[in-house]
Amino acid sequence: GALGLALELLRRCLLLGPLGLRPAGGQDGDGCGHTVLAARSGTLSSRNYPGTYPNHTACRWQLRAPPGTSLILVFGDLDLEPSERCARSSLLLTDPDSGATYGPYCRDSGPAASPLVTNWSSVTVLFSSSSHRSGRGLLLSYASSQHPDVVSCLKRGTHLAQEHTSVYCPAGCKDIEGDIWGNARQGYRDTSVLCKAAVHAGVIADETGGQVSLSQEKGITLYESAFANGLHSKRGSLSEKRLLFHRACGDALEVAAFNASSWWQEVDALGQERGWAAERAALGTPGPSWAAEPGAEAAWLELDLGTRRNVTGIVTKGSEMYDCYVTSYGVSSSRDGRNWRPYRGSGGQEDKVFEGNVDSRGEVSNAFIPPIVTRYLRVTPHSWHQRIAMKVALLGCPMARVRAPRPYAPSDPQDVPLPVPTSRLPGRTPVPGVALDPKKADSTLLVLLLVGGFVLGSSLLLLAFLCRRRRKPALELNCGIVKGYPKLESSRVCSLGSLPPPGSTPPSFPAAAALGDLSQPHSPEYAEPDVVQVSPSGQPGPSTFKPPPDEGYTLPLVVSHYAVPGQYHEYAEPLPPEPEYATPFGDPEPLGTRRSPCGIAGLPAALSRAGSPESPLARYDAPTLPPGEPQGLSGVNAAPRGELPPSPHEDSASPERPHSHVYHEAW
């Protein structure tokens with residue numbers, strides 16, 4: 001035990017020996033796994049992570065922060081087989097300048113807090129292992145103190161507590177184990193690895209990392225898979241939340257013209273020609289795509305945007321007709337169409353080669369970080385399947401929409417730099433969101449106040465007009481008596497004296513037709529009863545018509561048209577005088593009553609002679625029959641057609657039941 005511990009300490013001292021010969025931000029040893037060390041952030045892991053790390057291995061990483069800053073370490077995973085004082089497998093952090101250390105750490109004795117904020121500008125990370133049985137190893141990320149909200153590459157969307165979040169993703173999270181579901185257009189399932197999804201969406205470059213702003217919204221039923229920026233996303237099912245990354249410049253750009261080094265002029269078996277010209281390279285157009293001439297070397301496709309644009313991404317697709325597509329390509333740009341500059345990405349060391357399509361059906365997106373400011377862009381295929389054939393679309397925005405990135409606000413209030421004082425005229429208060437010229441501030445504010453006052457006054461006038469329009473019908477309704485309702489109480493505002501006389505015709509109804517004119521249509525009103533049936537006891541029978549005024553009936557009060565029907569008795573108003581009259585209602589004919597051939601059945605002989613001036617029926621304004629027409633066969637006094645002749649056994653001398661007739665003059 002003691003001898004093994006001494007040998008392990010000696011091994012560590014040998015590895016930490018000549019630090020001055022080690023390059024800054026480098027690694028050394030046979031136990032190193034995935035490692036990306038950038039200027040401001042990075043990620044490192046042990047060999048075989050997340051599998052079991054090998055026996056008797058060691059690795060040393062040296063991390064350096066930008067001048068004037070310190071390092072923040074985030075432990076994504078630390079699973080080293082435990083032992084006494086972590087002698088078998090351990091992680092040790094050392095400051096090469098002061099010699100201070102953190103650790104050693106293993107499974108049961110890890111760091112007290114993560115992230116681990118240091119005041120060191122340089123850190124040496126030493127991982128060593130001896131014989132062991134289990135353990136995934138370690139996963140560590142770091143960033144400078146300018147980014148205190150740095151997160152681990154294993155952080156998922158479900159770990160976020162707020163709807164809108166801004167975090168810093170370190171470099172190197174692209175190749176860390178973890179799944180993502182969805183795409184940049186739909187969003188990503190909340191169980192996706194956060195920083196890996198940001199690389200897939202084209203928000204940050206994996207080589208440098210960066211600040212990420214995202215929001216959590218309601219999940220969707222199905223997340224479609226996509227291949228973008230060298231990452232495959234999976235097809236996912238319903239989730240409670242989804243992640244949407246904010247990207248200010250990513251609209252589809254319109255291409256003014258296409259050009260190419262060559263294109264294929266196909267001749268099919270029937271001798272018909274089909275051109276695979278450069279104009280067919282526009283993504284979204286039906287038919288064949290652009291295809292280079294067979295055997296052509298150094299083929300290229302050129303896109304002219306018409307004016308300078310900020311190009312932030314490119315989308316490519318193959319040709320489904322012959323299963324042809326480009327698997328890798330390079331991009332170069334030009335401002336004049338003659339001098340071309342290859343795109344090298346954020347690294348700036350070598351020309352960047354983009355991963356293309358993996359089949360002829362799907363679309364593949366790649367982001368330009370930083371964006372390209374250009375008018376002409378040329379795509380040069382490097383490798384392809386069967387034939388060079390592709391369709392292309394560019395993403396970006398106009399020059400005016402590009403805004404400088406916002407300065408980062410540290411989460412710790414103590415780290416917030418004090419604002420730099422600027423000169424300001426005394427008594428001048430800036431208006432938020434409005435850039436004012438100090439010489440024109442007074443006039444601009446006056447114009448804004450006048451416009452605001454005009455809009456406010458117009459709104460008030462319109463509101464008053466609408467209120468008056470709505471109150472006017474209510475006043476007219478309250479001050480008038482609607483037919484069929486009780487009259488209102490007399491007041492100085494509304495009284496019966498202001499109502500039209502009973503004999504006047506309401507202007508909303510058509511004028512009554514002249515007497516004797518049968519061609520006019522009937523009025524929609526209802527007539528008063530002309531005959532009131534009298535029961536044998538002498539009491540009048542029930543009626544649905546309006547009682548006469550002498551019975552004390554008053555019109556029901558109508559407050560508004562929302563009054564509930566059925567609260568008061570309502571009766572119909574009489575019709576204007578008409579040239580026709582109705583047959584009086586009565587009891588069934590007695591058995592001894594005989595039918596008069598020229599009069600109304602069941603009436604006395606005196607009443608059947610309606611033509612005499614003394615007859616009571618002369619009060620009716622009945623139309624006269626044309627001369628020569630037989631009485632009793634036509635006209636209003638004709639007997640019903642369907643009645644049978646009286647029985648010979650009927651008693652002709654049987655008394656007739658008296659009828660009481662009441663006639664009212666029309667208003």
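Which hand does the link of C32 and C59 have, right-handed or left-handed? Some notes on the cysteines follow.

1. The C32–C59 link is right-handed, with 90° about the S-S bond. Its sulfurs sit 1.5 Å apart, and a disulfide here is a pair of cysteine sulfur atoms within 2.5 Å. By that rule the count is 5 disulfides.

2. Before going on: this is a predicted model, where local features need pLDDT of at least 70, side-chain atom pairs count only at pLDDT 80 or more, and totals for chains, interfaces and linings use all residues. Residues are numbered from 1 along each chain as its sequence is written, and side-chain values use heavy atoms, with hydrogens and water left out.

3. Back to the right-handed C32–C59 link: C32 belongs to strand β2 (residues 32–37) and C59 to strand β4 (residues 58–64), so the bond ties together parts 27 residues apart in sequence. Strands are DSSP runs of E, at least two residues, numbered from the N terminus. C32 is buried at 17% relative accessible area, and C59 is buried at 1%; buried means under 20%, exposed over 50%, partly exposed in between (1.4 Å probe, protein chains only).

4. C86 pairs with C106, sulfur to sulfur 2.1 Å. The S-S torsion is about -65°, so this one is left-handed. C86 sits in the loop between β5 (71–79) and β6 (89–94), and C106 in the loop between β7 (101–105) and β8 (116–117). Both cysteines, C86 and C106, are buried.

5. C153 and C173 have their sulfurs 1.9 Å apart, and a torsion of about -70° makes the disulfide left-handed. C153 is buried at 1%, C173 at 2%.

Key: Helix = DSSP H or I, 4+ residues; strand = E, 2+ residues; numbered from the N terminus.
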